[in-house]
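Please look through the structure shown below before reading on.

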Amino acid sequence: MTAEALKTIEIPPQLTVRELATELDVSPIAVIKELMNNGIMASINQPIDFDTAAIVGEEMGFEIVPIQEEEPEPAAELEKQVSLRHQFLEHEDPANLEPRPPVVTILGHVDHGKTTLLDTIRHTSVVSGEAGGITQHIGSYQVDIDGRKITFLDTPGHEAFTAMRARGAMVTDLVILIVAADDGVMPQTKEAIGHARAAGVPIIVAINKIDKSNANVEKVKQDLANEGLVPEEWGGETICVPVSALNNIGIDDLLENILLATEVAELKANPNRPAQGTVIEGKLDEKRGVVANLLVQNGTLNQGDVVVIGTHYGRARAMFNSLGQKIKKAGPSEPVSILGMSTVPEAGEIFEVVKNRKAAEALVQEHLQQAEQSQSNARAPMSLEDFLSRLEGESVKQLNLIVKADVHGSLEPIINSLKTLGDDQHKVRIVLQGTGNISESDVTLAVASNAIVIGFNVSVDEGARRTAELEKVEVRRYRVIYKLIEDVDLALKGLYEPVYEDRIIGHAEVRATFKVGKRVIAGSYITAGKFTRHALVRVVRNRELIHTGEIGSLKRFTEDVEEVATGYECGIGVEGFNDLREGDILEAFIKERVN
């Protein structure tokens, strides 16, 4: 390749491997591999000089020229992801940190071999005499690869994976996406890709069932490329490993790639402190009582430690590893099952060890106060109308969307149009796209990724509707594509204004009036629908509208009430209006958004 054909990149006299990868817009793994090819062993944060960077850049198709500027900061999104995955290290002295094993989750379509892959990895990576000791399922397990360990989380699927994230848990360092070579990318595969991307973690693809006669690895790679996961051998950044979980083919290669991909992240923790981590699973065992399956993420958990999980605590009176064997302690990235908690914890809850029961009770009280405070100051969900104001101060304002459409013929032009919207400072990010009704899984992902759910010619499943109401997720449905695109475009430009319509919810007849201080109260009879305390009201006299305002008071006898239904009498006060008369008709209505 001639110099004239190379793309020119300016870099400072010295920069780290991570920064060079950012400048070249390639994976840090690709840079490390190129350095290894040139006989240089370097970690992701290791500084390299200009000459070394120039050699790597030219090998990868770039012309490297020097600039005399300050070193650029790592990308904000990358820093955000790193901080999330190291949520317990915020106040740790770097000098106390030691390398820890990576934590890996396997996601994919239900029939593509996830369980077989997990079993094969587990049974080929433990000492043969220990294999028989696998007597219980604790939601995760650890394997040993030539002295290096990997922890695998065995979650039921991407919904559970995201549900944990929605509760604030960030436990995964890497996602293995399993795709069957005889089947290709399926709808559930696409959902798993969206959930993994929303978590901000690297993805390695295991192309499984390569031993089958109808396996088509190249077709799978094309399917992946269509979803934005371009294989490394095609010039992309996605590592694809052909395997047969059933016949133990390619498993060692997959494990090596896991270690390489996570090595660049320099995963660390402080083992010499009280343990902190996340609940993977909780259950009630008839014989043993409450069993809490935990992943230690920082510190070391010891038998006898007092453990606080949310608003409950207990003492770890017995501990077991993933082989069902009794252990005395568990360090960072180690899965462990403990007995001794007072109640069954939920997956995704955070645990931490304290000195004694007195400290545990104090921490539980603190958690209770925080829960009350968070309820009173509940964070408002992202919405189109407040998109810009909610992200005030951020250099790049990113609108996360989950898009569902009735058919692919509708989905493709919607996605293509959405990707053209915005500018360098205002961007649309498609967290997940797919066909079919809006599901509970879609809403859970929206909670975890702070996204808006948009549907085109689709309905909302009942479970999704309930979850959206509970979690205050905005779900918007459209039947006209241009209207959908227009609303998102206006939101990005800060011009979006929702349209509301009045919906009448009740009628009442004024049968008497009386004064309470300076206010006039209408003794009324509800003739249809209902009146609610927070509704608006119109006053109609002789078929003419004479006033519109808010309901100032709503009483049954002397008691304030929230609602009065058809057939009941009540007292109604209209805020700022005292000219109520016998015979007036009152209409209660609410403002309902229609776009």
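The model is predicted. A place to begin is strand E19, which spans residues 335–341. Six of the seven residues in E19 are buried, so the strand is mostly covered by the cut-off of under 20% relative accessible area. Strand E14, residues 289–298, runs antiparallel to E19 and is joined to it by five bridges. Within this pairing, Leu295 has Pro335 of E19 as its bridge partner. E19 also pairs with strand E17, residues 312–320, again in an antiparallel arrangement, here through four bridges. Phe320 is the residue that stands opposite Ser337 in E19.

Arg288 lies over the face of Phe320, at 5.4 Å from the ring centre. As for rings paired with one another, the count of aromatic pairs is zero under the rule applied.

The last stop is helix H11, residues 357–376, which contains Val364. Is Val364 buried or exposed? Its relative accessible area is 10%, and because buried means under 20%, Val364 counts as buried. Setting aside residues up to four places away in sequence, Val364 touches Val308, Gly310, Thr311, His312 and Tyr313. One of these, Val308, is 56 residues from Val364 in sequence, yet the C-alpha atoms of the two are 7.3 Å apart in space.

Notes:
Residues are numbered from 1 along each chain as its sequence is written. This is a predicted model: local features need pLDDT of at least 70, side-chain atom pairs count only at pLDDT 80 or more; totals for chains, interfaces and linings use all residues. Side-chain values use heavy atoms; hydrogens and water are left out. Helices (H or I, at least four residues) and strands (E, at least two) are DSSP runs, numbered from the N terminus. Buried means under 20% relative accessible area, exposed over 50%, partly exposed in between (1.4 Å probe, protein chains only). Contact means heavy atoms within 4.5 Å. Rings of Phe, Tyr and Trp (its six-membered ring) pair if their centres lie within 6.5 Å; planes under 30 degrees apart count as stacked, over 60 as edge-to-face and the rest as tilted. A charge sits over a ring if NZ of Lys or CZ of Arg is within 6 Å of the ring centre and within 35 degrees of the ring normal. Two strands pair if DSSP finds at least two bridges between them.
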